[in-house]
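Biologist: I would like to learn how to read a model of this kind. Please take the features one at a time.

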Amino acid sequence: MHAVHQLHQYRKSLSTTTYKARGQRVQRCDLCRLAVKFCICSIAPEKENIKTNAGFLLLMYDTEVLKPSNTGKLIADLIPDTFAFLWSRTTKNDALQAILDDEQWQPFVVFPHEYAEPQRQVYKNKVLFESGKRPLFIMLDGSWREAKKMFRKSPYLNGFPLISFDPKLFLDNALKVDVAQGENTLEQNQSVEQVQASEKKKISPVGSNSRYTVRKTALEHQFSTAEVAARVLAMAGENANAQLLDLWFDVFNYQYQKSVCQRNKGNPEALENYQQFIKNRA
Ligand SMILES: [Zn+2]
């Protein structure tokens with residue numbers, strides 16, 4: 001069990017009633033929280049094969065951890081040093097404070113730069129790391145409204161710089177790569193249809209737009225917590241981990257929608273893409 005699994009157990013123990021999630025009659029796996037027959041636990045990334053310098057600290061808004069659709073847990077599936085706490089503005093949490101005070105970490109709050117006070121240090125799309133320190137990315141995990149509230153009302157986070165990425169810039173770059181790859185493939189005498197089909201596969205890892213269609217946020221491009229985490233991993237120079245997290249998210253998203261949605265908007269090739277990536281890496 002990782003930090004989000006443990007927090008889920010803890011939060012569940014605080015509840016006097018069962019949390020009513022969408023599709024509540026579905027029999028769910030206790031860990032991935034997908035319907036048992038769509039469980040992805042057996043194919044989860046093997047953490048011992050992950051090389052990362054980064055850590056994540058998830059501050060989760062009240063019932064967020066109870067929601068089967070939460071994607072914060074996908075970060076913890078991948079990154080060994082992922083910590084998770086229930087957010088609070090008043091209660092002082094010693095365990096949380098100890099992580100923030102730990103000298104090995106250089107903490108950043110991941111949040112759109114538009115919300116920064118003028119004096120706040122902000123890193124956009126590029127970040128400078130102190131030598132000898134590891135980046136600790138603090139994610140405010142909840143609905144967009146809840147995330148804004150956490151951002152405003154967490155004085156213990158005010159001293160840390162903000163890290164923010166420009167969704168538009170990211171999407172433009174992803175698109176450019178796709179176009180370039182398409183031209184190369186066409187030279188090999190493939191039909192346009194074949195190229196389009198192979199392009200569709202390639203788009204998945206670093207998608208042309210957020211593929212997260214289960215829970216909408218007010219964010220312009222509606223990135224989920226896991227997708228945002230993938231972007232900051234890429235900013236930290238960990239592209240392979242970013243890609244793996246994107247692919248793992250795709251798998252979760254597709255499997256999740258199998259049990260709750262009438263029409264699955266996830267990527268049907270998610271599993272194949274993810275397993276191919278793992279194989280190529282080995
Ligand atoms: Zn499972």
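Biologist: Over which residues does pLDDT stay under 50?

Modeller: pLDDT is the predictor's confidence in each residue, from 0 to 100. In this chain pLDDT stays under 50 over residues 177–190, for which the model has twelve contacts beyond four places in sequence. Two residues are in contact if their C-beta atoms, placed from the backbone, lie within 7 Å. Residues 212–221 also have pLDDT below 50, with 22 contacts beyond near neighbours in sequence. The mean pLDDT of the chain is 82, and 77% of its residues reach 70 or more. This is a predicted model, in which local features need pLDDT of at least 70 and side-chain atom pairs count only at pLDDT 80 or more, while totals for chains, interfaces and linings use all residues. Residues are numbered from 1 along each chain as its sequence is written.

Biologist: How many helices and strands does the chain have?

Modeller: Helices (H or I, at least four residues) and strands (E, at least two) are DSSP runs, numbered from the N terminus. The chain has nine helices and six strands. Of the contacts between residues at least 6 apart in sequence, 74% join residues at least 24 apart.

Biologist: Which residues of helix 7 are buried?

Modeller: A residue is buried if 20 or more other C-beta atoms lie within 10 Å of its own, exposed if 12 or fewer, and partly exposed in between; the C-beta atoms are placed from the backbone. Buried residues make up 34% of the 282 residues in the chain. In helix 7 (residues 225–235), eleven of the eleven residues are buried, so this helix is largely enclosed by the rest of the structure. Among them are the charged residues E227 and R231. After helix 7 comes G237, with a positive phi near 85 degrees.

Biologist: At what angle do helix 7 and helix 8 pack?

Modeller: Axes are lines fitted to C-alpha atoms, for helices over the stretch in contact, and angles run from 0 to 180 degrees between N-to-C directions. Under 35 degrees counts as roughly parallel, over 145 as roughly antiparallel, 65 to 115 as roughly perpendicular and the rest as oblique. Helix 7 and helix 8 pack at about 165 degrees with their axes 7 Å apart, and are therefore roughly antiparallel. The residues that meet are A226, E227, A229, A230, L233 and A234 in helix 7 and N239, N241, A242, L245, D246 and F249 in helix 8. They divide into eight nonpolar, two polar and two charged. Here Ala, Val, Leu, Ile, Met, Phe, Trp, Tyr, Cys and Pro count as nonpolar, Asp, Glu, Lys and Arg as charged, and the others, Gly among them, as polar.

Biologist: Where do helix 8 and helix 9 touch, and which residues make the contact?

Modeller: The axes of helix 8 (residues 239–260) and helix 9 (residues 270–281) come within 8 Å and cross at roughly 150 degrees. The contact is made by Q243, L244, L247, W248, D250, V251 and Y254 of helix 8 and A270, L271, N273, Y274 and F277 of helix 9. Nine of these residues are nonpolar, two polar and one charged. Helix 8 and helix 9 are therefore roughly antiparallel as well.

Biologist: Is R33 buried or exposed?

Modeller: With 22 C-beta neighbours inside 10 Å, R33 counts as buried. R33 has a positive phi of about 70 degrees although it is not a glycine, and its place is in the loop between helix 1 (3–14) and strand 1 (55–60).
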